[in-house]
Amino acid sequence: MNRRKWRILLWSVCGLAAAFFGFLYFCQDSGGEQKRHIIFISKVIDEENDFWKLLIDGVKMAAAENKIELSVVGMENEDNYEGQHELIQWAIGQKPDAILLCPSRYTETAPYAKKVVEQGIPLVLVDSDLNEEIADAMVATDNVRLGEVEGSFMKQFVKEDSCIVIVGHVKDSSTAMERELGVRKGLAEHEDKIADVVFCNSDYDKAYDLMMELLGKYPKIDLVAGLNEYSAVGAARAIKDMQLQDQIRVVGIDSSLEEIQMLEEGIFEGIVIQNPFKMGYLGVEEAVKIWNKEKPSGKVDSGCELITKDSVYTEENQKLLFPFREG
């Protein structure tokens with residue numbers, strides 16, 4: 001009986017040993033580490049918008065290079081900040097190793113971002129800021145500078161009787177507020193020639209309709225500033241349809257294929273481009289720094305560049321306009 005008990009015990013020990021060494025082999029085979037998990041909460045997921053597609057491509061590439069498990073979520077409409085707040089709460093419940101967030105609202109989103117940090121989850125802001133210092137790091141365009149480049153470029157075309165309008169995207173987002181401020185700074189002494197500022201809620205058709213209304217309201221419009229791809233493209237489509245491109249100079253932000261084509265056609269006088277691919281890529285890199293107990297970079301400016309019809313084909317600008325995409 002004792003021999004039987006010893007035999008059972010021996011087999012049990014052997015079984016445990018086999019399981020243990022199997023586990024060690026598995027760990028060695030998989031690099032010895034469990035994959036980290038990032039949830040990226042975009043303002044919007046829109047396959048028609050090159051800015052957001054490139055930003056998500058940058059996030060995906062950095063995640064793949066660092067062998068990170070990635071979940072990408074976002075709303076169908078950039079203006080749906082309440083839906084984004086629900087996504088933030090859902091993401092917290094998933095207990096990821098980090099959350100990358102493009103805040104929909106400068107003020108209203110801050111309490112939800114705080115909940116991320118309160119749960120001990122590293123938080124990196126991408127593209128947009130909040131009204132409080134909450135996140136571990138932020139990667140974005142310097143949006144005041146972006147608008148200032150746009151306004152400074154427009155300044156050379158201002159006449160004594162000029163009428164300027166600004167077509168923005170989402171009224172209470174940090175990007176819209178900062179870019180409008182930048183345009184005003186760039187226009188400097190001509191700021192008082194801004195007749196109106198309207199917001200399209202990042203919708204091409206609404207931007208088009210708003211531009212049509214502005215043309216009826218201010219027949220002497222000669223300069224238009226679009227503050228993102230949706231607003232700039234929608235306004236430019238209206239001006240093109242009305243065949244007013246010889247009378248109205250349009251300057252936009254972002255670099256979709258349609259914007260580049262309109263720049264070549266002369267519908268856009270110039271476009272100020274961001275680097276969304278770099279923005280998304282560096283956002284993931286900031287999370288990796290936090291995991292490695294390195295000091296995050298704080299606020300990282302991903303840069304901007306003015307492109308005109310004369311400079312669109314330079315090698316440097318071609319790389320900015322058509323960055324490498326994974327897959």
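## Cysteines

A disulfide is a pair of cysteine sulfur atoms within 2.5 Å. By this rule, the count here is zero disulfides. This is a predicted model, and the count is computed from it.

Where do the cysteines Cys102 and Cys163 sit, buried or exposed? Buried means under 20% relative accessible area. Cys102 has a relative accessible area of 0%, so Cys102 is buried. Cys163 comes to 11%, so Cys163 is buried too.

## Nonpolar cores

In soluble globular proteins, nonpolar side chains tend to be buried together. In this model, the largest nonpolar core has 59 residues. Which residues have the most contacts inside it? They are Leu100, Met211, Ile221 and Val224. A second core is separate and has 20 residues. Among them are Leu101, Val116, Leu123 and Ile134.

Take Val224 as an example from the largest core.

## Helices 3 and 4

Helix 3 spans residues 81-93, and helix 4 spans residues 110-118. Their axes lie 10 Å apart, and the helices pack at an angle of about 5 degrees. Angles under 35 degrees count as roughly parallel. Helix 3 and helix 4 are therefore roughly parallel to each other.

Which residues make the contact? Helix 3 supplies His85, Ile88, Gln89 and Ile92. Helix 4 supplies Tyr112, Lys115 and Val116. Val116 also belongs to the second core.

## Helices 8 and 9

Helix 8 covers residues 229-241, and helix 9 covers residues 257-265. Their axes come within 10 Å and cross at roughly 40 degrees. The two helices are therefore oblique to each other. Helix 8 passes helix 9 in a left-handed crossing.

From helix 8, the residues that meet helix 9 are Glu229, Ala232, Val233, Ala236, Arg237 and Lys240. Their partners in helix 9 are Glu258, Glu259, Met262 and Glu265.

## A loop residue: Val312

Where is Val312 found? Val312 lies in the loop between strand 12 (305-308) and helix 11 (315-321).

Val312 touches Ile260, Leu263, Ile307, Asn317, Gln318 and Leu321, not counting residues up to four places away in sequence. Val312 and Gly270 are 42 residues apart in sequence. In space, the two are 9.5 Å apart, C-alpha to C-alpha.

Note on methods:
Residues numbered from 1 in each chain as written. Predicted model: local features only at pLDDT ≥ 70, side-chain atom pairs only at ≥ 80, totals over all residues. Heavy atoms only, no water. Buried < 20%, exposed > 50% of the residue type's maximum accessible area, 1.4 Å probe, protein only. Core = buried A, V, L, I, M, F, W, Y, C linked by side-chain atoms within 4.5 Å. Axes fitted to C-alpha atoms, helices over the stretch in contact; angles between N-to-C directions. Helix = DSSP H or I, 4+ residues; strand = E, 2+ residues; numbered from the N terminus. Parallel < 35°, antiparallel > 145°, perpendicular 65-115°, else oblique. Left-handed = near helix turned anticlockwise from the far one by under 90°. Contact = heavy atoms within 4.5 Å.
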